[in-house]
Amino acid sequence: MFFSKSFIPILKNNPAEAKIKSHQLMLRTGMIKQSSAGIYSWLPLGFKVMKKIEQIVREEQDKIGAQEILMPTIQSAEIWKESGRYKDYGEEMLRIKDRQSRDMLYGPTNEELITDIFRTSIKSYKSLPQLLYHIQWKFRDELRPRFGIMRCREFYMKDAYSFDINDEEALFSYNKFFLAYLKTFKRLNLSAIPMAADTGPIGGNLSHEFIILADTGESKIYTDKRIFKVNSDNTKLEKESLNKLRDEFKKFYSVTDEKYDENEFNNKVPEEFRLKTKGIEVGHIFYFGDKYSMPMNSSVDHQGKKEFVKMGSYGVGVSRLVGAIIEAKYNDKKEIMKWPQSISPYDCAIIPLVTKGDKKNLEKSINLSKKLKEYNIDYLIDDSEESFSAKIKKFNLIGIPSQVVVGNKTEGDNFEFINIGKESINLNSNQIIEFINQSKKN
Ligand code: 5CA
């Protein structure tokens, strides 16, 4: 893609309305555009990143045996009346009427709808467990939407739901998602800590938020630093192995604001390991047993008896992650964003020095791009006639981690390669391809 033909509406300055760096950067580099309060359009740069995050989230759900479906955004109020949440959910729910005056709503979450789908199809315990997920837009009429797509009204979420025959099996499902989340965030190059959390309007008594540390985060957290060392790499998808992993985490005090108790924190955590800080909630998992299956009469036959299924739900803020990753990866001092290669909007930026009368560097860049294309490497060539320093500044904000600078000294198959934020090195095209493919895997 040539920069001149791309739809990347870069702004000269940070927009005044944006208070945190992710919001500033996303507007500045034309990743998103606000359409009304807390509602955004996703432009190519932002959309590409979000889709790549979505794919990583999806792959890790598939690995634990969850099956993907797609539920609608608009739901009937009937099922919410059945569960009792139509009243309870309050003003955050966007309520609408169709032309027949039927009560409808834009789904803020999907426990009711999935329970309805489940109860009409699954009748026997032999079909359990069922792990189902979808990745779909949600709407919550937040009182104070802010920080761009971090706390907005319309957002993209992966929500999964588990159905089991009893508490023990349901806990196994919960632990599978717990592991899938650790792996997902690791692949996104984030260190996300699971924290015991409150359940709010979703309900239940077991819940973890997955939080990444950031000063601009809205969640206050109290944790034992040793929790960062817990390693999930070799954990198998078996009850025992997963229980062990959970036990490892349980050793360390780690809670959000609502669960915080100062005495407990001081007693359980030696002073040198205490960490009080802020973070961004990127995932939240819940176990709530029969909270929905009982009122909605969702049961299976189990040895002649009718048993209400035991359910949990598991959310990842896919759109919020785009902002959260910027908060975690943007280097304030150097004013450099660096996307993890696996989710970078383009695999490679090619930055030639181009002047009106001299297109030689652009030609060299096009030659390199042909080779990259053969290897499925997605590139953005800056064919504008801006100065080198202006281009570098712009690309430091766009954050594509692999950059090739093409100047008058560039000759043959020898290029100046920059892994953003680091010193430049000389690489030939094969080495560039190798570098990009390797760093995509991490
Ligand atoms: N049904 C459950 C689990 S599927 C649920 O809705 N959980 S939640 O309310 O915690 O939302 C899941 C995730 O969506 C959160 O962890 C957060 O990352 C994201 N999220 C929630 N509200 C917003 C919002 N207003 N803007 C952006 N992302 C949000």
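Trainee: Into which domains is the protein divided?

Mentor: Domain bounds come from an automatic or database domain assignment, and here they give domain 1 (21-329) and domain 2 (337-441). This is a predicted model, in which local features need pLDDT of at least 70 and side-chain atom pairs count only at pLDDT 80 or more, while totals for chains, interfaces and linings use all residues. Residues are numbered from 1 along each chain as its sequence is written, and side-chain values use heavy atoms, with hydrogens and water left out.

Trainee: How many residues of domain 1 are in contact with domain 2?

Mentor: Contact means heavy atoms within 4.5 Å; by that rule, 17 residues of domain 1 are in contact with 13 residues of domain 2.

Trainee: What area do domain 1 and domain 2 bury between them?

Mentor: The size of an interface is often given as the accessible area lost when the parts come together. Buried area is that loss, found with a 1.4 Å probe and summed over both parts. Domain 1 and domain 2 bury about 1,300 Å² between them, with 74% of it on carbon and sulfur atoms. Of the area that domain 1 buries against domain 2, Leu45, Lys48 and Lys52 supply 36%, more than any other three residues.

Trainee: How many salt bridges are there between domain 1 and domain 2?

Mentor: A salt bridge needs a side-chain nitrogen of Lys or Arg within 4 Å of a carboxyl oxygen of Asp or Glu, and the count between domain 1 and domain 2 is two.

Notes
Buried area = accessible area lost by both parts, 1.4 Å probe.
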